[in-house]
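Student: I have a structure open and want to learn to read it. Can we go through it feature by feature?

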Amino acid sequence: MFGAIEHSVHFQLGEIFFNVIYFIMTALIFISSYFCFRAPYTLYLKNKKPSNFVVISISLLMFLIFVLCNLQRNFVLAEICGGSAILYSFTIHLANYIRYKEQGSGLVALGIGISFLSFVGHAFRISLHEYFNHKDMAHVIMIISMIVIYLGVYKSAREIKMSFEVI
């Protein structure tokens, strides 16, 4: 949403408006990236205590990239940070599905895999029509991937809840 606002009205509302929206947008990307790392990291540990060193190191690295991204106004840094977190999440969920046959992790990995198709469509400018271009296609693919990821997280949460009720 903030990206759409930034791209659509920053020329009309000036540099200060652009900077505020850019800051909010990148902050949300980095917060999302942190939780995209933290949730699979917790899943990977399987009820073991997380390493404070790892969590603090990743947090500081992400904060440093966030600051650089805003100082240099270099959105590629935000994309690299977000992409790394998503790739890590994909790897953990795929391994969890292969190793333990957890259906929720399989759906999350499938959803992330579907999201990679949006990069392909965008890169090769695959379009259905001039009014439904490669950017629109990429966003539709991302929406579908988010639905699949949601279903996977929901399934995993229900399985965890049911395992606690058995105890």
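Predicted model: local features only at pLDDT ≥ 70, side-chain atom pairs only at ≥ 80, totals over all residues.

Student: What is the phi of Lys101?

Tutor: First the general idea. Most residues other than glycine have a negative phi. Lys101 is not a glycine, yet its phi is positive, about 55 degrees.

Student: Is Lys101 buried or exposed?

Tutor: Use the cut-offs. Buried means under 20% relative accessible area, exposed means over 50%, and partly exposed is in between (1.4 Å probe, protein chains only). Lys101 has 53%, so it is exposed.

Student: Which loop holds Arg125, and what is its phi?

Tutor: Arg125 lies in the loop between α4 and α5. Its phi is positive, about 55 degrees, although Arg125 is not a glycine. Arg125 is exposed because its relative accessibility is 58%.

Student: How many helices and strands does the chain have?

Tutor: Helices are DSSP runs of H or I with at least four residues, strands are runs of E with at least two, and both are numbered from the N terminus. The protein chain has five helices and zero strands. From the N terminus, the order is α-α-α-α-α.

Student: What box do the C-alpha atoms fill?

Tutor: Roughly 60 × 40 × 25 Å, along the principal axes. The chain has 167 residues, and 29% of them are buried.

Student: What share of the contacts joins residues 24 or more positions apart?

Tutor: A contact means heavy atoms within 4.5 Å. Take the contacts in the protein chain with a separation of 6 or more: residues 24 or more positions apart account for 59% of these.

Student: Where is Asn96, and is it buried or exposed?

Tutor: Asn96 lies in helix α3, residues 75–100. Its relative accessible area is 4%, so Asn96 is buried.

Student: Which side chain makes a polar contact with Asn96?

Tutor: A polar contact is a pair of N or O atoms within 3.5 Å; within protein, one must be able to donate a hydrogen and the other to accept it, and residues adjacent in sequence count only if both atoms are side-chain atoms. The side chains of Asn96 and Lys46 are joined by one of 3.2 Å. Leaving aside neighbours within four places in sequence, Asn96 is in contact with Leu43, Lys46, Lys101, Glu102 and Ser105.

Student: Where is Ser105, and what does it touch?

Tutor: Ser105 is in helix α4. Ser105 is buried because its relative accessibility is 1%. Its side chain has a polar contact of 3.2 Å with that of His93. Not counting residues up to four places away in sequence, Ser105 touches Leu43, His93, Asn96, Tyr97 and Ser156.

Student: Which residues does Gly121 contact?

Tutor: Ile126 and His134, leaving aside neighbours within four places in sequence. Gly121 is found in helix α4. At 8% relative accessible area, Gly121 is buried. Now compare sequence and space: Gly121 and Ile141 are 20 residues apart in sequence and 8.9 Å apart in space, C-alpha to C-alpha.

Student: How far apart are Ile144 and Ile5 in space?

Tutor: They are 22 Å apart, C-alpha to C-alpha, and 139 residues apart in sequence. Ile144 sits in helix α5, residues 134–166. Ile144 counts as partly exposed because its relative accessibility is 43%.

Student: How many disulfides are there?

Tutor: A disulfide is a covalent bond between the sulfur atoms of two cysteines. The rule here asks for a pair of cysteine sulfur atoms within 2.5 Å. By this rule the count is zero.

Terms used: Residues numbered from 1 in each chain as written. Heavy atoms only, no water.
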